[in-house]
Amino acid sequence: MNATVGFTQMRDGTSEDYELLHGLERQYVAALPDRLLVALRRLDDSLAGYKITRLEHSLQTATRAQADGADVELVVAALVHDLGDELAPDNHSQLAAAIIRPYVRAEVTWILEMHGLFQLHYYGHHIGVDPDGRDAYRDHPWFDSCVEFCERWDQASFDPDHPWEPLESFEPLLREVFSRPSFDSAILCEPR
């Protein structure tokens, strides 16, 4: 039988209880890259209607970012940018940003958080939504970075005839980023 804590209310926990939980949490956090790979594979069977699956779109987006010479953080961001589609379809950008936030510089998190709004530039007028909502952020220091992410990689990556690398080729990069110490100030505050 697995060891469990002795308490039923957190305030009643002992040092031993919290040492047990802390050790189990470290193991769980270390397995995050494995869970992310499973979640990415699930995108192969998600939202229909496109010419390629959401996983293929994610792979194509990451492939384009890598081909453009993007750094590892942006390539991994391109790979996971739509992970929120399954559980948070109306705010998938914010969910993807929350997943990657502890491991990358602030600029990358902001790009992921805003990419859903910025993508409306391409189709908002077709569905009765303001395509220029992104303009509210025009003075933001990372506005151009998000425009470039969407223009060069995200919106362009629905093409079944454009090649993409398999998920396995991005696995080392994903493991590199998501195995970093969380909220490392040297990474989060790194200017680019």
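Which segment does Met 10 lie in? Met 10 belongs to the segment before α1 (15-30).

**Figure 1. Overall fold of the predicted model.** This is a predicted model, in which local features need pLDDT of at least 70 and side-chain atom pairs count only at pLDDT 80 or more, while totals for chains, interfaces and linings use all residues. Residues are numbered from 1 along each chain as its sequence is written, and side-chain values use heavy atoms, with hydrogens and water left out. The protein has 9 helices and 0 strands; helices (H or I, at least four residues) and strands (E, at least two) are DSSP runs, numbered from the N terminus. The order of elements from the N terminus is α-α-α-α-α-α-α-α-α. The C-alpha trace spans about 55 × 35 × 35 Å along its principal axes. Of the 192 residues, 41% count as buried (under 20% relative accessible area; exposed is over 50% and partly exposed in between, with a 1.4 Å probe and protein chains only). Among contacts (heavy atoms within 4.5 Å) between residues at least 6 apart in sequence, 67% join residues at least 24 apart. The accessible surface comes to about 10,800 Å², with 53% of this belonging to carbon and sulfur atoms; accessible areas come from the Shrake-Rupley method with a 1.4 Å probe, and for residues only the protein chains shown count as cover.

Figure 2. Met 10 counts as exposed, at 63% relative accessibility.

**Figure 3. Cys 146 and Cys 150, neither of them in a disulfide.** The structure holds 0 disulfides, a disulfide being a pair of cysteine sulfur atoms within 2.5 Å. For Cys 146, the nearest cysteine sulfur is that of Cys 150, 4.4 Å away. For Cys 150, in turn, the nearest is the sulfur of Cys 146. Cys 146 counts as buried because its relative accessibility is 0%, and Cys 150 is buried with a relative accessible area of 0%.

**Figure 4. Phe 183 in the loop between α8 and α9.** Phi of Phe 183 is near 55°, a positive value in a residue other than glycine. Phe 183 is exposed, with a relative accessible area of 52%.
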